[in-house]
Structure formats: C-alpha cells, structure tokens
Amino acid sequence: MPAYLLDTNHIGMAVDRASIVGQRIFEARLAGMRIGTCLPVLCEIEAGMRQVRQKLKYRRDLNHLLLQLRLWPIDLNTARIS
C-alpha cells in the first residue's frame, strides 16, 4: 500500500480543507493510503503560524488535519517512504 510523507509546503496548503491539496489528502485517505508527516515539518508550521492572521482558526484547522495524518519518526525507513 502506498504511503506519502508530506513536507511543510503540503501541510501548510492542506490546512485549508477546501484547497486542492486538502481535497487530495482526503481522497487518498478514503482510498486507504497511509499519509503522514514528521516532527520537523510541524516545527516549521508552528514557526510559520506567527504570520497567520486568524491564528485560532488556523490552529483549529491544523488540529483537524493532524487527526487525519500519521506522525512518523525520523529514521531511515521514514526517509524511504515514497
């Protein structure tokens, strides 16, 4: 079964559920694909959140997105996810 490790750009765009990236993640999850990210990506998202105007809404949407994703450890196996 395919798995996808999302980077900061993808996570940042997917926070908006109506975005194309958000829709594709939703569809992929429905198809049974494993989708996740890693802690450094979340650190970058948190740092970038300082520039967001509606922080509470963004936080709520981010938390909803994270419920749909796996948080993978940083190791060689994770690096080889494709």
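Where is serine 19 found? I looked it up in this predicted model. Serine 19 sits in the loop between helix 1 and helix 2.

**Serine 19**

I checked its accessibility next. Serine 19 has a relative accessible area of 17%. Buried means under 20%, so serine 19 counts as buried. I then searched for polar partners of its side chain. A polar atom of the serine 19 side chain lies 2.8 Å from the backbone oxygen of aspartate 16. I also listed contacts, leaving out residues up to four places away in sequence. On that basis serine 19 touches Met13 and Ala14.

**Helix 2**

I moved on to helix 2, which covers residues 20-30. Which of its residues are buried? I found Val21, Gly22, Ile25 and Ala28. Viewed down the axis of helix 2, the buried residues fall within an arc of 130 degrees, so they line one face of the helix. I noted the background for this: an α-helix has 3.6 residues a turn, so residues three or four places apart point the same way.

I looked at the other side of helix 2 too. Ile20 and Leu30 are exposed there. What covers the buried residues? The cover of helix 2 includes helix 1 (8-14) and strand 2 (34-38). I also checked what comes after the helix. Glycine 32 follows helix 2, and its phi is positive, near 90 degrees.

How many bridges join strand 2 to strand 3? I counted 3 bridges, and the two strands run parallel. Threonine 37 stands opposite leucine 71 in strand 3.

**Aspartate 61**

Aspartate 61 lies in helix 4, residues 55-68. Is it buried or exposed? Aspartate 61 is buried, because its relative accessible area is 10%, and the cut-off is under 20%.

I looked for a partner for its side chain. The side chain of aspartate 61 makes a polar contact with the side chain of lysine 57, at 2.7 Å. Then I set aside the neighbours within four places in sequence. Aspartate 61 is in contact with Val15 and Arg17 on that count.

Terms used. Residues numbered from 1 in each chain as written. Predicted model: local features only at pLDDT ≥ 70, side-chain atom pairs only at ≥ 80, totals over all residues. Heavy atoms only, no water. Buried < 20%, exposed > 50% of the residue type's maximum accessible area, 1.4 Å probe, protein only. Helix = DSSP H or I, 4+ residues; strand = E, 2+ residues; numbered from the N terminus. Arc of directions from axis to C-beta. Contact = heavy atoms within 4.5 Å. Pairing = 2+ DSSP bridges. Polar contact = N/O pair within 3.5 Å; in protein donor to acceptor, adjacent residues only side chain to side chain.
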